[in-house]
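Q: I have a new model to read and would like to take it feature by feature. Could you walk me through it?

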2 protein chains.
Amino acid sequence: MPERTLSTVGNAIRALTVLADLGPLRLTALADELKLGKSTVHLLLQTLREHGMVDYDPATRTYGVGLRVFELGATAVERGGFGARLVGPMEELARRCNESVSLGVLNAGSVLIVQRIESPEILRADIRPGTRMPLHASASGKALLATMADLEIDRLLSESPLPDSARMTHRQRNGLLADIRLIRKRGYAKQKEEFVDGISAVATPVLTAGGRALAALSIASPSSRFDEVRWSALLLPAASYMSELCGYRAQREEQAPNGAGHMFAGTGANAVPRRKEDRPSREQAMSS
Amino acid sequence: MPERTLSTVGNAIRALTVLADLGPLRLTALADELKLGKSTVHLLLQTLREHGMVDYDPATRTYGVGLRVFELGATAVERGGFGARLVGPMEELARRCNESVSLGVLNAGSVLIVQRIESPEILRADIRPGTRMPLHASASGKALLATMADLEIDRLLSESPLPDSARMTHRQRNGLLADIRLIRKRGYAKQKEEFVDGISAVATPVLTAGGRALAALSIASPSSRFDEVRWSALLLPAASYMSELCGYRAQREEQAPNGAGHMFAGTGANAVPRRKEDRPSREQAMSS
DNA sequence: AACAGTGTTCGACATATTCGAACAAGGATC
DNA sequence: GATCCTTGTTCGAATATGTCGAACACTGTT
């Protein structure tokens with residue numbers, strides 16, 4: 001649906017995007033990239049610079065994404081609810097398993113890492129906040145998908161905005177759906193070298209008040225240290241605790257006569273994510 | 001100097017700023033705040049939403065700063081050079097002193113925290129990445145000021161963009177200049193409850209290739225655990241090591257501080273605090 | 001059911017943005 | 001050090017584009 005849109009603002013955002021992707025650029029290079037007149041881009045950059053959205057390096061005469069963007073973005077994370085409140089539990093978890101712990105949120109068809117506690121190990125999964133991961137090939141992504149109705153899953157997978165290399169084959173798609181069912185049953189997702197070679201992870205959702213998934217909590221490490229049983233045992237209670245911090249109340253008794261089981265497997269601390277809508281027939285909605 | 005500027009882009013940025021400051025807002029509230037027509041803001045928000053710069057919450061019908069901004073901002077930090085490379089040493093330092101370690105950069109007249117390693121202690125200075133601190137009342141700020149010519153210091157202090165509460169009295173200003181001289185001599189800055197009650201810190205600059213300050217490294221904690229001698233002893237070698245990572249080469253006695261052509265040497269004040277000479281040979285202990 | 005407030009659509013006007021060309025500046029080459 | 005080339009900046013004009021107000025649709029309140 002092509003909506004009417006402000007082209008000038010679009011240009012500004014495109015400029016920032018290009019600068020973020022290609023690194024600091026000179027005026028002419030950027031104008032070239034944007035396919036806009038040099039004078040236009042000049043004015044645009046001046047405006048952005050005035051507001052701190054781009055920084056200018058007089059030495060190299062290049063413009064780069066400004067730190068003001070970082071500042072604004074940080075408030076997005078705080079205000080979104082994945083901020084200060086959750087880092088404490090994440091640190092605790094990282095300490096217990098001695099591995100990297102990260103918090104990823106579903107955004108624009110992929111998982112965006114918003115918080116990260118690094119493992120003290122030298123050899124570790126090197127993923128920084130601000131990184132994106134594919135929904136279908138990351139533990140966090142699959143954990144988030146598992147919280148949604150099958151129909152929603154299809155919609156999300158089809159709008160994958162990721163580079164082609166990360167696209168999914170049909171064979172993978174079918175395997176994924178089976179995987180999702182398994183994830184729902186056992187309460188956590190697992191990923192073995194699907195996204196980055198040598199890196200494996202487990203993940204489970206953090207739920208918010210309404211029972212919707214706020215984010216996915218994950219433990220990742222080099223596959224050599226991967227220990228599914230121990231990590232899942234540490235991960236699930238931690239996520240549970242974080243869910244409670246986010247207002248999620250472990251189930252009420254008089255709920256949902258629709259057959260959806262908001263049940264809690266295992267230690268009673270762990271939340272098995274399941275929305276009411278995902279209950280309808282399992283052969284439904286493979287299409288679209 | 002009133003430059004010609006793109007008002008539409010300015011509106012977009014103002015909108016983001018307001019949303020960051022006041023939290024998620026409804027359309028009307030935002031239009032009110034920006035003093036623009038509702039239809040204008042409607043179109044503006046649609047454009048921003050299309051690009052992920054604002055997120056829309058259908059439940060509350062509010063718009064907030066989008067996570068795309070966070071993503072873009074993260075690249076600003078990486079590309080700026082305060083990214084992945086420096087977190088290792090910071091973690092090592094945090095482990096050694098058991099306190100919170102942060103990296104702040106001079107930006108728009110104040111110090112912006114770009115990296116942060118939290119102390120494991122429960123009682124700790126709670127400052128998150130994206131926070132700003134005043135130049136004159138934070139250890140990091142003073143450390144950065146100390147690397148600059150006196151003339152530059154005056155210029156920066158006068159353009160302080162901070163809330164009035166954080167403004168500086170003349171008495172403070174004079175004290176500050178004396179402080180700066182002391183900082184240059186001993187190689188690190190100290191701050192005792194000047195910014196946040198109960199929090200004290202030490203800080204020292206991280207230098208880059210040209211000898212200019214890239215950022216300030218600091219250790220902060222509740223004043224009860226403040227230990228100036230131990231921390232400075234840990235801080236300085238760490239910063240030294242990080243400076244080398246950033247291309248700074250410990251320098252021989254040279255470089256005509258007065259006289260010749262450099263733009264910052266014009267005032268005759270030396271721009272670079274020599275840290276290495278203060279505390280000789282001990283730093284390479286930092287690992288990994 | 002009626003109301004009030006909010007969000008969305010539409011058309012017209014006028015402003016603000018784009019562009020090309022001409023000017024200035026900085027670096028490179030010889 | 002002088003010339004050339006590339007890059008960045010300024011300027012004016014034409015048109016495209018954003019702004020606004022009013023009217024419409026919608027939600028959820030009383």
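A: Gladly, and let us begin with contact: two residues are in contact if their C-beta atoms, placed from the backbone, lie within 7 Å. This is a predicted model, in which local features need pLDDT of at least 70, side-chain atom pairs count only at pLDDT 80 or more, and totals for chains, interfaces and linings use all residues. Residues are numbered from 1 along each chain as its sequence is written, while chains are lettered from A and ligands numbered from 1 in the order in which they are written.

Q: Which residues is Leu45(B) in contact with, leaving aside its neighbours within four places in sequence?
A: With those neighbours set aside, the partners of Leu45(B) are Leu27(B), Val54(B) and Tyr63(B). Leu45(B) itself sits in helix 3 of chain B; helices (H or I, at least four residues) and strands (E, at least two) are DSSP runs, numbered from the N terminus. Another distance to look at is that to Leu16(B), 29 residues apart along the chain, where the C-alpha atoms are separated by 9.7 Å.

Q: Is Leu45(B) buried or exposed?
A: The idea is to count neighbours: a residue is buried if 20 or more other C-beta atoms lie within 10 Å of its own, exposed if 12 or fewer, and partly exposed in between, with C-beta atoms placed from the backbone. Leu45(B) counts as buried because it has 22 C-beta neighbours inside 10 Å.

Q: What share of chain A is buried, out of its 288 residues?
A: Buried residues make up 46% of them. Chain A has nine helices and eight strands. Of the contacts in chain A with a separation of 6 or more, 58% join residues 24 or more positions apart.

Q: Which residues come nearest to DNA strand D?
A: A residue is near a strand if its C-beta atom, placed from the backbone, lies within 6 Å of it. Of the 19 residues around DNA strand D, the nearest are Arg26(A), Leu27(A), Thr28(A), Ser39(A) and Ser39(B). Helix 3 of chain B gives the most to this surface, with four residues.

Q: And which come nearest to DNA strand C?
A: Among the 19 residues around DNA strand C, these are Ser39(A), Arg26(B), Leu27(B), Thr28(B) and Ser39(B). Here helix 3 of chain A gives the most, with four residues.

Q: What is the mean pLDDT of chain A?
A: pLDDT is the predictor's confidence in each residue, from 0 to 100. The mean for chain A is 84, and 82% of its residues reach 70 or more. Over residues 253–288 of chain A the pLDDT is below 50. Where pLDDT is low, the predicted coordinates should not be read in detail.
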